[in-house]
Amino acid sequence: FILFGDHQPPRITKEHHGLETPIHIVSKDKALTDFFIANQFENGLIPNSESGMKHEGFYSLLMKGINKLWNKNYQEEKVYLPDGIKI
């Protein structure tokens, strides 16, 4: 399970609270949690404070992990796109 929080309403939230959005990753598969810890997450599956990860970038990191862990034909490293795909 991957749960994204929502940004707080600007009229209610003070500027010093920042624009960060909480994210929670819940998995029974240790290989997946280990993948996230090896890629910009800290113990507890919290995004590393220096990563500046965006929602758009998280999706490409998730796809990279899924391909690496469960794609039987996996041959090459998938690219992590910090800004997602521009469409």
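1. Buried means under 20% relative accessible area, exposed means over 50%, and partly exposed lies in between (1.4 Å probe, protein chains only). On that scale, phenylalanine 36 and phenylalanine 58 are both buried. Phenylalanine 41 is buried as well.

2. The model is predicted: local features need pLDDT of at least 70, side-chain atom pairs count only at pLDDT 80 or more, and totals for chains, interfaces and linings use all residues. Residues are numbered from 1 along each chain as its sequence is written, and side-chain values use heavy atoms, with hydrogens and water left out.

3. There are four aromatic pairs in the structure. Rings of Phe, Tyr and Trp (its six-membered ring) pair if their centres lie within 6.5 Å; planes under 30 degrees apart count as stacked, over 60 as edge-to-face and the rest as tilted. One of the pairs joins phenylalanine 36 and phenylalanine 58, which are stacked at 5.6 Å centre to centre with 10° between the planes. Phenylalanine 36 belongs to helix α1 (residues 30-38) and phenylalanine 58 to helix α2 (residues 55-70), so this pair ties together parts 22 residues apart in sequence. Helices (H or I, at least four residues) and strands (E, at least two) are DSSP runs, numbered from the N terminus.

4. Phenylalanine 58 also pairs with phenylalanine 41: the centres are 6.2 Å apart and the planes at 65°, so the pair is edge-to-face. Here phenylalanine 41 in strand β3 (residues 41-42) is linked to phenylalanine 58 in helix α2, 17 residues apart. Phe35, Phe36, Phe41 and Phe58 form one aromatic cluster.

5. The largest nonpolar core has ten residues: Ile23, Ile25, Leu32, Phe35, Phe36, Phe41, Met53, Phe58, Leu61 and Leu62. Such a core is a set of buried Ala, Val, Leu, Ile, Met, Phe, Trp, Tyr and Cys residues joined through side-chain atoms within 4.5 Å. Two or more residues come from each of β2 (23-25), α1 and α2. Beyond its neighbours within four places in sequence, leucine 32 is in contact (heavy atoms within 4.5 Å) with Ser27, Leu69 and Trp70.

6. The count of salt bridges (a side-chain nitrogen of Lys or Arg within 4 Å of a carboxyl oxygen of Asp or Glu) is one. The bridge joins the side chains of aspartate 34 and lysine 30, at 2.9 Å from N to O. The two residues are four apart in helix α1, so about one helical turn separates aspartate 34 and lysine 30. Aspartate 34 is partly exposed, with a relative accessible area of 35%, whereas lysine 30 is exposed at 56%.
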